[in-house]
Amino acid sequence: MRAASFAIVLALVGCHPEPAVQAVQSCEAFRLPYPAGLQYDVLQGNGGSFSHFERNQYAWDFAMPQGAVVAAAGSGAVVDVIDGFTVGGLRDELRTRANTVVIDHGRGVLSQYLHLAPGTATVRPGQLVVRGTPIAKSGHTGFSSEPHLHFEFVDPVGHSLPGCLGDVSGGVPKQGSAYVSANRREPSDRNPLPIISVLPSRAFELNGVELQSVVPARMHGGALRISGRALWRAPYAIAFIAERGGGTVRSSIVRVTDASTFELIMNFRGVAGPYRFGLALMENAAQFLWKESVPVFVVGP
Ligand SMILES: [Zn+2]
């Protein structure tokens, strides 16, 4: 069932070779990430000095208690679910250990929900959800000072995007204010289309690679033919899947042509779970360095 819906996603994704949207344009498409009628304070807003800068600049922290229902802010496809972590606190090693749900709204806009309570996710990668659907319960996992929900819009590479919400006066929640949600399914809401965002051509430019083929932003299944261009001289190019903590679990290496292009096939079969994926150049066939990779959730057998 999941494999079937993913095949549809891959077929449709070709219609959108490059995300055109660099910010969340329609406030009306999105609501606060908790059910209608509930009200929570904003502990930290956009640009908050505690942790909302650089890649997390446009995030919000809502003071939701342990076990409060988290709802999809907009309609889309669930592309990432992590809910096995149990520990929260302010130790550095917890930065990569927050339970997370990510929903892809298409055209390069994704929403992510962090610090969720262990074992509470009620959605799975590949599932299509309508705005307002309960997706998990709020918690205190990962790098977190107290139970809360960290919510933000991100691009396919994982960088924070400015966003706005249709049930917030002025669109952008402010630190120190409280907001009542109007996040409920409206009669006019349609089921989302099975379209997911694709990686921009510049996704791996820090690694010296320009992407020249269509690659889904987050979910992968089966084998994918990938083409690219080397931005500086190197004999080999590599596609890799790595543990979110570090080690490479699979790679595909090819020679770069005299025209600085390459084409390879990356096989995602047989790897299951949350990983990072990237393309990079190699000075020799034994080692490579990379600065940029993107989260990827490998689906299927
Ligand atoms: Zn936060």
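Leaving aside its neighbours within four places in sequence, Gln112 is in contact with Thr100, Val102, Glu152 and Val154. Here, contact means that the C-beta atoms of two residues, placed from the backbone, lie within 7 Å. Gln112 is found in strand 7. Strands here are DSSP runs of type E with at least two residues, numbered from the N terminus. Is Gln112 buried or exposed? Gln112 counts as buried because it has 23 C-beta neighbours inside 10 Å. The rule is this: 20 or more other C-beta atoms within 10 Å make a residue buried, 12 or fewer make it exposed, and anything in between is partly exposed, with C-beta atoms placed from the backbone. Gln112 and Leu149 are 37 residues apart along the chain, and their C-alpha atoms are separated by 10.0 Å.

A word on the model itself. It is predicted: local features need pLDDT of at least 70, side-chain atom pairs count only at pLDDT 80 or more, and totals for chains, interfaces and linings use all residues. Residues are numbered from 1 along each chain as its sequence is written. The predictor's confidence in each residue is its pLDDT, on a scale from 0 to 100. For the protein chain the mean pLDDT is 88, and 91% of the residues reach 70 or more. Residues 1–21 have a pLDDT below 50, and this stretch has 43 contacts in the model beyond near neighbours in sequence. Where pLDDT is low, the predicted coordinates should not be read in detail.

Now go to strand 6, residues 100–104. Five of its five residues are buried. Thr100, Val102 and Asp104 point one way, while Val101 and Ile103 point the other way. Which strands pair with strand 6? Strand 4 (residues 76–82) does, in the antiparallel sense over five bridges. Strand 7 (residues 110–114) does too, again antiparallel over five bridges. Two strands count as paired if DSSP finds at least two bridges between them. Strands 6 and 7 form a hairpin with five residues between them. Gly106 sits in the turn and has a positive phi of about 85°.

Stay with Ile103. Leaving aside neighbours within four places in sequence, its contacts include Ala72, Val79, Leu110 and Val129. Ile103 also belongs to the largest nonpolar core, which has 73 residues. Such a core is a set of buried Ala, Val, Leu, Ile, Met, Phe, Trp, Tyr and Cys residues joined through C-beta atoms within 7 Å. Val101, Ile103, Tyr113, Ile135 and Ala237 have the most contacts inside this core. Strand 20 (residues 273–282) gives the largest share, six residues. Where does the core lie? Domain 1 (2–180) and domain 2 (205–298) both give residues to it, so the core lies between them. These bounds come from an automatic or database domain assignment. The C-alpha centres of the two domains lie 27 Å apart.

Three strands form an open sheet in the order 14-16-19, with antiparallel pairing. Strand 14 (209–211) and strand 19 (261–267) stand at the edges with a single partner strand each, so one side of each has no neighbour in the sheet. Neighbouring strands of this sheet are turned by 40° against each other on average, direction ignored. Strands 14 and 16 (residues 223–230) run antiparallel and are joined by three bridges. Val209 has Ala230 in strand 16 as its bridge partner.

Definitions and conventions
Helix = DSSP H or I, 4+ residues; strand = E, 2+ residues; numbered from the N terminus. Axes fitted to C-alpha atoms, helices over the stretch in contact; angles between N-to-C directions.
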